[in-house]
Amino acid sequence: VLNFTTLDAQIDSFDTPERELAKRHMSQVKAGQDLIIMDRGYSGFPLAFELQQKGIDYCIRGREDWWPQVKDMLETGEVDKVVTIKKNQQFEMFPKMRLFYDELICRIVVVTLPTGGLEILITSLLDQVKSPYESFVSLYAMRWNIEEGYKLYKTRLQLEAWSGKTALAVKQDFYAKVFLMTTTAVLAFPLEEQLRKEQEAEKTTKHAYKVNRTNALAIIKESAPKMFIHKAIAGVLSAFDNILRKTVEVVRPNRKNPRKKTPKKPPSMNYKQL
């Protein structure tokens, strides 16, 4: 969420649930060191229970009508509360589920958004001194880079434009593009940090600047053979830094566009993917 590096990638049949893939990601998470940020698609007791059992910290966006404890807080006006969910309570709310845990101890944070809506966050960060209420606005906002990462994969790297129809070809394309994305992120990160430090020291520009990631991906895609086959590493890295520094883009704060909820149209037969 801070540098667009893909730490773990999973691909499976289209009918595999997101939560099942999320559980596989957990093998790469370090308990006590990492924190997972998830959107409303992952909210619920089963996943929170499992994360608690593994000692993994989390911040998951919940739903206003999902948990009785959330409804109680909204009625009383509370915005920050540590709650304990007993197993019997969990069975009453989800009678078809049979999970073998005694209780879930979590913290519920209710954030009022600038639009007037509410953001319900379920977290394992129980210490209200180390993790004050105000910090959760920026914490959950970091999740947006996950969506930006998906956008880069799907639109810039054309992840779904497979070079073949077999499972092996799909997996090969998938992991090759994950490698390309991560390599680009790793190489661009030092330059981004340098830009940030220079802007903080000089304070001569109205807005901050960031690396143009579309440009970065294009450069690495073209230069990969030179780096990995011809071993022209120093020359490629020097050119990479020089081009990116000249093509940085401005960061416009507080810029928000309303979402266009239009139905997706099937691709034209003339441009249909394999």
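Buried means under 20% relative accessible area, exposed over 50%, and partly exposed in between. Keep those cut-offs at hand for these exercises on a predicted model.

**Exercise 1.** Work out how Glu147 and its salt-bridge partner Arg143 are classed: buried, partly exposed or exposed.

*Solution.* Start with the contact: Glu147 and Arg143 form a salt bridge whose closest N and O atoms are 2.9 Å apart. Glu147 has 26% relative accessibility, so Glu147 counts as partly exposed.

**Exercise 2.** Find which parts of the chain the salt bridge between Glu50 and Lys23 links, and class both residues.

*Solution.* First, the distance: the two side chains meet at 3.7 Å, N to O, where the cut-off for a salt bridge is 4 Å. The pair links distant parts of the chain, with Glu50 in helix α2 (residues 45-54) and Lys23 in helix α1, 27 residues apart. Finally, the accessibilities: Glu50 is buried at 19%, whereas Lys23 is partly exposed at 37%.

**Exercise 3.** Explain how Glu193 and Arg196 are placed relative to each other in helix α7.

*Solution.* Begin with the salt bridge, in which the side chains of Glu193 and Arg196 meet at 3.0 Å, N to O. Both belong to helix α7 and lie 3 residues apart, so about one helical turn separates them. As for cover, Glu193 is partly exposed at 26%, and Arg196 is partly exposed at 35%.

**Exercise 4.** Classify the geometry of the aromatic pairs Phe174–Tyr175 and Phe179–Phe228.

*Solution.* The count comes to 2 aromatic pairs. For Phe174 and Tyr175, the ring centres are 5.0 Å apart and the planes stand at 80°; the pair is therefore edge-to-face, since planes over 60 degrees apart fall in that class. Phe174 is buried at 9%, while Tyr175 is partly exposed at 40%.

Now the second pair: Phe179 and Phe228 are 5.7 Å apart, centre to centre, with 55° between the planes, and the pair is tilted. Phe179 sits in helix α7 (residues 167-202) and Phe228 in helix α8 (residues 213-228), so this pair ties together parts 49 residues apart in sequence. Phe179 is partly exposed at 48%, and Phe228 is partly exposed at 45%.

**Exercise 5.** Locate Arg259, class its accessibility and name the surface patch residues around it.

*Solution.* Arg259 is found in the segment after β7 (249-251). With 69% relative accessibility, Arg259 counts as exposed. On the surface, Arg259 gathers with Arg40, Arg63 and Lys261 in a patch of positive charge.

Notes:
Residues are numbered from 1 along each chain as its sequence is written. This is a predicted model: local features need pLDDT of at least 70, side-chain atom pairs count only at pLDDT 80 or more; totals for chains, interfaces and linings use all residues. Side-chain values use heavy atoms; hydrogens and water are left out. Patches are made of residues with over 30% relative accessible area and no salt bridge: like charges are joined within 9 Å, nonpolar side chains (Val, Leu, Ile, Met, Phe, Trp, Tyr) within 5 Å. Accessible areas come from the Shrake-Rupley method with a 1.4 Å probe; for residues, only the protein chains shown count as cover. Lys and Arg count as positive and Asp and Glu as negative; His and the chain ends are not counted. The place of a charge is taken as NZ of Lys, CZ of Arg, CG of Asp or CD of Glu. Helices (H or I, at least four residues) and strands (E, at least two) are DSSP runs, numbered from the N terminus. Buried means under 20% relative accessible area, exposed over 50%, partly exposed in between (1.4 Å probe, protein chains only). Rings of Phe, Tyr and Trp (its six-membered ring) pair if their centres lie within 6.5 Å; planes under 30 degrees apart count as stacked, over 60 as edge-to-face and the rest as tilted.
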